[in-house]
Each structure stands twice: as structure tokens, then as C-alpha cells.
Amino acid sequence: MQYRRLGRSGLQVSELSLGSWVTYHNQVDTKSATEMLAAAFDAGVNFFDNAEVYAQGESEVVMGQAFKALKWNRLDYIVSTKFFWGLSRESNTTANRKDTLNRKYLMQAIDGSLQRMQLDFIDLIYCHRPDPHTPIEETVRAMSDIISQGKALYWGTSEWSAADIRAAWEIAERHHLHKPVMEQPQYHLFHRQRVEQEYARLYDETGLGLTTWSPLASGLLTGKYRDGIPEGSRGALESMAWMREQLQDPQRNAAVGQLDAIAKELGCTLAQLAIAWINRNPRVSTVILGASKLAQLQDNLGALAVTPKLTPEIVKRIDEITRPLAK
């Protein structure tokens, strides 16, 4: 495992990390989470990603219980969470509880996450989506104040446009506030434009770091959906029904079949090939993995050995197969 600076900060994050979206509470209980966190940590993973909205707060609870059971030194691991969607979405008084980045919501959301995760502070906090109804300056000041209060150490964004990230960074620069350090975008072989083109100037100009999510396109790049939706898979979950059409996309699944031949040449799995392809990008600080079973996690971690095998010729072949289908 190699460690990379998170953008221009001094924080070192493992090149592969472990996330909890979809899995924790829904597919993974505290016992399984503890087992997988321990296995990841033993392999050198030091960053574990979460969000307030995952399983309506229960994902944070599961991860917090696992951390408590593992009794790691707090200096040895990095944990994140994200704010925007909120938890109380069905209440009659949701105006400041959902889909917002206003000051009132953010200052209370951090306290809720700290309580659920049983932590004194959270290393990384993200604005989970942009909020067009709240002035960016208000959001920047609130996130900066959370850090000044010692409740978090660094802040960033997730799925923000380059223009909004730059605006936030410039506001912080102008007012001597804590600047956004990282962005968490979706990035995989079929989803590239934002990371490779839209953000291109931000890396050098603002020092933006990336903690990318969905390296396997929610499982599409493992090949498991080439013959439909298998029972027990992420795509079979009722909460993920909205994703089934893209998981069964015939053109992309045909491309996955072609990638399988390359994976076999390299002596690796499709998942390892897809993760290694992202890992080779020097702009990516860490690739966030997701797994519902220990065996999946162990297979994904095998991507570390595949990354050096991705020669320019191999990368060219992968691009010829996937780039026409990427957005």
C-alpha cells in the first residue's frame, strides 16, 4: 500500500480506502463491518468513508461501533462523513433538515455525526452535493467554523462543478478561512469527463485532491450483470432499483466482456483491472472501495499488484474499448 497526500494538504491517505455506501446496515452488520475494517487496516488502508445519509444515519452508527470494538489509535485512521440530504425527510418541518448546506443545518449535522460515530472529531467532512439555494459564502464560513471548533480537520465537496469549487476556494482565500481541500467525484472507466477534463485546471491552481467513488460502476465492471441481475447483488436491492437499467446496459456489458480478456492476460479479475486503472491516475488521492463481503474486499485489494502491470499499451487497449461509452 502506498500513501498519497490529500491534495495540497499534508495528510497522507492510503491509495485504496473503504467506503460504506449501500452496504453498512443494509447488507453489513457491525460484526461484518468490524471484520472488513480490520482486514482493510491490516492491508494498509487508513481511510474509511461514510455519510450522514447512508442508511439514514445507521451506517455511521455501524462504523462507530466497529471503531470502538477495534480500539485503534486515533492517529492511525482517517474517517469521513458528508452533509446535504439530511435525515428527517418525512417531517412536516423539513425546511432546514434536508437538501441544504445552510449554516443552521451544517452546525447541527456535525454534532449528530460525531454522536453516531462516537468520535471526538471527524477527519474529513464533505458538502455531499451543491446547494443552489444557499450562498456559497455561507456554506464556506460554516464548514470553516466547524474546523476552527475542532470538530473536523479538513473539508471538501462531492459532485460539485469546477466553477462552484473554485468559487468556494476563492471565498476562503479572500476571507482567510479554511479552504476546501478535496472533492469526491464518481470516477470509473465509463464516467471520466469531470475528473479528466472539467477539474483539470483545479489540480495545480487550487491543489484539489480526489477521493473517488464507485470504481466498479456499482458492480457493472465486475461482469456480474452481463447475464441479468443476480440474486443477492447490489442491483437486486429494492433501494437500488433505479440503477438496474444502467447495470444491464448491453453496450457497456459487451465492453466489459472485452475487458475480461485483458484481465485474463494480466492474471487478474475484472474488478482488480478497473480499480488499478483508476489507481494509476496521479490526480487521485485515494480510490474508495465498497464491499458487502470480506472476499470481495480481499479481491479488490488485489488491484495493488495489478497497477504496475498497466503499461501504456494496455491502457491504450482499455481506452479503445471504454472511452466511446464513457461520459
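**Figure 1. Buried residues of helix α3 in the predicted model.** Y105, L106, M107, A109, I110, G112, S113, L114, R116 and M117 are the buried residues of α3 (buried means under 20% relative accessible area, exposed over 50%, and partly exposed in between, with a 1.4 Å probe and protein chains only). These buried residues pack against α2 (58-70), β5 (78-83), β6 (122-127) and α4 (136-148) (contact means heavy atoms within 4.5 Å). Helices (H or I, at least four residues) and strands (E, at least two) are DSSP runs, numbered from the N terminus. The model is predicted, so local features need pLDDT of at least 70 and side-chain atom pairs count only at pLDDT 80 or more, while totals for chains, interfaces and linings use all residues. Residues are numbered from 1 along each chain as its sequence is written, and side-chain values use heavy atoms, with hydrogens and water left out.

**Figure 2. Length and ends of α3.** The 15 residues of α3 (residues 103-117) reach 22 Å from the first C-alpha to the last, close to the 21 Å expected at 1.5 Å a residue (the expected span of a helix is 1.5 Å times one less than its number of residues). At the start of the helix, a side-chain oxygen of N102 comes to within 3.2 Å of the backbone nitrogen of K104. Just after α3, Q118 takes a positive phi of about 55°, although Q118 is not a glycine. Q118 belongs to the loop between α3 and β6. With a relative accessibility of 43%, Q118 counts as partly exposed.

**Figure 3. The second largest pocket.** This pocket holds about 320 Å³ of space. Of its 13 lining residues, N96, R97, Y105, Q108 and A109 are the closest to its centre. By class, the lining has 3 nonpolar, 6 polar and 4 charged residues (Ala, Val, Leu, Ile, Met, Phe, Trp, Tyr, Cys and Pro count as nonpolar, Asp, Glu, Lys and Arg as charged, and the others, Gly among them, as polar). On a 1 Å grid over the protein atoms alone, a pocket is an open set of points with protein on both sides within 12 Å along at least five of seven lines, whereas a cavity is a set where a 1.4 Å probe fits but cannot get out; lining residues have an atom within 4 Å of a point. Grid points are joined across faces, edges and corners, and a volume is the space filled by probe spheres set on the points.

**Figure 4. Helix α2 and its surroundings.** α2 has 13 residues and spans 18 Å from its first C-alpha to its last, close to the 18 Å expected at 1.5 Å a residue. S59, E60, V61, V62, M63, G64, A66, F67 and L70 are buried in this helix. The cover over these buried residues includes α1, β4 (47-49), β5 and α3. K71 follows α2 and has a positive phi, near 55°.

**Figure 5. Y24 and its contacts.** Y24 is found in the loop between β3 (16-19) and α1 (30-42). Its relative accessible area is 2%, so Y24 is buried. Leaving aside neighbours within four places in sequence, Y24 is in contact with L18, G19, A33, L37, A55, S59, V62 and M63. Y24 and V62 are 38 residues apart in sequence, and their C-alpha atoms are 6.7 Å apart in space.

**Figure 6. Helix α4.** The end C-alpha atoms of α4 are 18 Å apart, which agrees with the 18 Å that its 13 residues should span at 1.5 Å a residue. T139, V140, A142, M143, S144, I146 and I147 are buried in α4. α3, β6, β7 and α5 are among the elements that cover these residues. G150 follows the helix, with a positive phi near 80°.

**Figure 7. E159 in its loop.** E159 lies in the loop between β7 (152-157) and α5 (162-175). At 15% relative accessibility, E159 counts as buried. The side chains of E159 and R194 are joined by a polar contact of 3.3 Å (a pair of N or O atoms within 3.5 Å; within protein, one must be able to donate a hydrogen and the other to accept it, and residues adjacent in sequence count only if both atoms are side-chain atoms). Apart from neighbours within four places in sequence, E159 is in contact with R129, P130, E183, Q184, P185, Q186, R194, Y199 and W213.

**Figure 8. A217 and S218.** A217 lies in the loop between β9 and α8, and S218 has its place in the loop between β9 (209-212) and α8 (244-247). A217 has a positive phi of about 50° although it is not a glycine. A217 counts as buried at 8% relative accessibility, and S218 is buried with a relative accessible area of 10%.
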